[in-house]
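I opened the notebook to go through one chain. These entries follow the order in which I looked things up.

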Amino acid sequence: MILAIDPGNVESAYVILDERIIESGKINNDLMLSNVYEWGRHKQKPMLYIEMIASYGMPVGKDVFDTCVFIGRLIEAYGSDCVELVYRKTVKMHHCGSMKAKDGNIIQALKDKYGQKGTKKEPGFFYDTKADVWQAFAVAAYIKEREEALVW
């Protein structure tokens, strides 16, 4: 099982992935922190993968620093021994082979690998996926595919 989070300064997206998406959503950070604390109390908790912010030389604002502080709170709540930070550039290179990839490129790459959203009548793999949940899934898919490659 893979637990992945795309953190934000006010809300964060998450995905719990096994062979399929078990649960996903975008929730306010107070609830996310509470959930992460509870998930971290399980005896056999899975690793937690958090998309990490990196500096590329451009100025950033308060929102980015607030997100960095929240990432630290998530790590503390879950337990640092079971957390891996995953950089956006790694996810972009894995799914698209380019640092210039945008969200739309990553989403299309995920659809190409895992299937389309589908319809209400015939839901696909990503039927309920929207907004930043795509980016949380991109982290989870990177980890899943990395682990499968290690088995080879």
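Where does Gly 104 lie? I find Gly 104 in helix 4. The model I am reading is predicted. I then looked up the exposure of Gly 104. Its relative accessibility is 49%, so I log Gly 104 as partly exposed; the exposed class begins only over 50%. I also took a distance from Gly 104 to Trp 134. The two are 30 residues apart in sequence, and their C-alpha atoms are 9.6 Å apart in space.

**Entry: the fold**

I listed the secondary structure next. I get five helices and five strands. In sequence order the pattern reads β-β-β-α-β-α-β-α-α-α.

I checked the overall dimensions. The C-alpha trace spans about 40 × 40 × 35 Å along its principal axes. For 152 residues, a compact globule would have a radius of gyration near 15 Å; I read 15 Å for the chain, so the two agree.

I looked at contact range as well. Among contacts with a separation of 6 or more, 60% come from residues 24 or more positions apart.

How much of the chain is buried? I get 41% of the 152 residues. The chain exposes about 9000 Å². Carbon and sulfur atoms supply 53% of that area.

**Entry: the cores**

I went to the largest nonpolar core, which has 24 residues. The residues with the most contacts inside it are Val 15, Leu 17, Val 86, Leu 110, Phe 126 and Phe 137. I note at least two residues of this core from each of strand 1 (2–6), strand 2 (11–17), helix 4 (103–114) and helix 5 (133–151). Which element gives the most to this core? Helix 5 does, with ten residues.

A second, separate core has 19 residues. Ile 16, Met 52, Ile 71 and Leu 74 are among them.

I then took Phe 137 on its own. Leaving out residues up to four places away in sequence, I list Val 15, Leu 17, Ile 21, Leu 110, Tyr 114, Phe 125 and Phe 126 as the residues that Phe 137 touches.

**Entry: Ile 53**

I placed Ile 53 in the loop between strand 4 (48–52) and helix 2 (62–78). Is Ile 53 buried, exposed or partly exposed? I log Ile 53 as partly exposed because its relative accessibility is 30%, and buried would require under 20%.

Neighbours within four places in sequence set aside, I find Ile 53 in contact with Val 64, Thr 67, Cys 68, Ile 71 and Tyr 87. I took one distance from Ile 53, to Arg 88. They are 35 residues apart in sequence and 7.2 Å apart in space, C-alpha to C-alpha.

**Entry: Asp 63**

I found Asp 63 in helix 2. Its relative accessible area is 47%, so I mark Asp 63 as partly exposed. I then looked up Lys 100, 37 residues from Asp 63 along the chain. Their C-alpha atoms are separated by 23 Å.

Definitions and conventions:
Residues numbered from 1 in each chain as written. Predicted model: local features only at pLDDT ≥ 70, side-chain atom pairs only at ≥ 80, totals over all residues. Heavy atoms only, no water. Helix = DSSP H or I, 4+ residues; strand = E, 2+ residues; numbered from the N terminus. Rg over C-alpha atoms; globule rule 2.2 N^0.38 Å. Buried < 20%, exposed > 50% of the residue type's maximum accessible area, 1.4 Å probe, protein only. Contact = heavy atoms within 4.5 Å. Areas by Shrake-Rupley, 256 points an atom, 1.4 Å probe, with all protein chains shown as cover. Core = buried A, V, L, I, M, F, W, Y, C linked by side-chain atoms within 4.5 Å.
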